[in-house]
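Shall we go through it together, one question at a time?

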Amino acid sequence: MQKLSLRTRALTVTVAAAALGAGVFGAVSASAGTPDAAAKAAVTADAGDKNLTRSTHLTVAAATKAAQAALDAAKKENQRVSVAVVDRNGNTIVTLRGDGAGPQSYESAEKKGYTAVSWNAPTSELAGRLDKVPNLKDIPGTLFLAGGAPVTAKGAPVAGIGVAGAPSGDLDEKFARAGAAALSR
C-alpha cells in the first residue's frame, strides 16, 4: 500500500467531514417539514377579534371605472392627461395614460392620488397648507399640487384619484372629481 502525504490525508479527512456534514444537514432538513407540538398550536383570530381591524378597498373594476371616467372628462375638453387610482394604503390600483400625455404625468398622477387619500382631502386644499407648513412637501411620495381627489366610504378614505397633465391643476382636479363621481353611478 502506498503511503499518502500529509497534504493528501488532510484533504481526504476534509472531504469526508464535508460529506458527513451534508448527510446530517439533509436528514435534519427532511425532518424539518414535520411540525412539532409547539408549531401545531397555531394562533387563530376570528372576525370578532379585538386585535384586528377591517378596511374597505375599491375593486379593480371600480378603480378602472373611476380612472376611465376621469380620462373621458379630460378628453371631452381636449386635455391629454394621465390618471391614477390608489388604494387606502397608497398602492396603485390602476393607471391610465391618455394619448399624448406627457411623460411626467404618470408619476405625478400617482403622487396626487396618494396625497389625496393620505390626508382625505383634495390636493388643491392641501397645497394651500404649504404656506403654514412648508415642510409638508418633503414627505416622500406626496405632491402638493391641485389634481387629486379622495374617495370615501362611510366618511373614511378608501382611495385617491390623481390626474396630471392638463395646463392647470384646477383642470386636473376637475377631472379627478369626475372620476370619483362616477363611482356613485
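What follows is a set of questions and answers on this predicted model.

Q: Which order of helices and strands does the chain follow along its sequence?
A: The chain holds six helices and four strands.

Q: What percentage of the 185 residues in the chain is buried?
A: A residue is called buried when its relative accessible area is under 20%. The accessible surface of the chain comes to about 11700 Å², with 57% of that belonging to carbon and sulfur atoms. Of the 185 residues, the buried share is 31%.

Q: Is strand β1 largely enclosed by the rest of the structure or open, and how many of its residues are buried?
A: Strand β1 covers residues 82-87. S82, A84 and V86 point one way, V83, V85 and D87 point the other way, and buried residues are found on both sides. β1 is largely enclosed by the rest of the structure, because the number of its residues that are buried is six of the six.

Q: How many bridges join β1 to β4?
A: Strand β4 spans residues 156-164 and runs antiparallel to β1. V85 stands opposite I161 of β4. The number of bridges joining β1 to β4 is six.

Q: Which element gives the most residues to the largest nonpolar core?
A: The largest nonpolar core has 22 residues, and those with the most contacts inside it are V81, V83, V85, A159, I161, V163 and F175. At least two residues of this core come from each of α3, β1, β3, β4 and α6. The top contributor, with eight residues, is α3.

Q: Which residues does V163 touch, beyond those up to four places away in sequence?
A: V163 is among the residues with the most contacts inside the largest nonpolar core. Leaving out residues up to four places away in sequence, V163 touches A70, V81, S82, V83, A109, K112, G147, D172, F175 and A176.

Q: Which elements are included in what covers the buried residues of α4?
A: Helix α4 (residues 105-119) has 15 residues and reaches 21 Å from its first C-alpha to its last, close to the 21 Å expected. Its buried residues are S105, S108, A109, K112, G113, T115, A116 and V117. The cover over them includes β1, α5, β3, β4 and α6.

Q: What is the relative accessible area of K154?
A: K154 lies in the loop between β3 and β4. Its phi is positive, near 55 degrees, in a residue other than glycine. K154 is exposed, with a relative accessible area of 90%.

Conventions
Residues are numbered from 1 along each chain as its sequence is written. This is a predicted model: local features need pLDDT of at least 70, side-chain atom pairs count only at pLDDT 80 or more; totals for chains, interfaces and linings use all residues. Side-chain values use heavy atoms; hydrogens and water are left out. Buried means under 20% relative accessible area, exposed over 50%, partly exposed in between (1.4 Å probe, protein chains only). Two strands pair if DSSP finds at least two bridges between them. Accessible areas come from the Shrake-Rupley method with a 1.4 Å probe; for residues, only the protein chains shown count as cover. The expected span of a helix is 1.5 Å times one less than its number of residues. Contact means heavy atoms within 4.5 Å. A nonpolar core is a set of buried Ala, Val, Leu, Ile, Met, Phe, Trp, Tyr and Cys residues joined through side-chain atoms within 4.5 Å.
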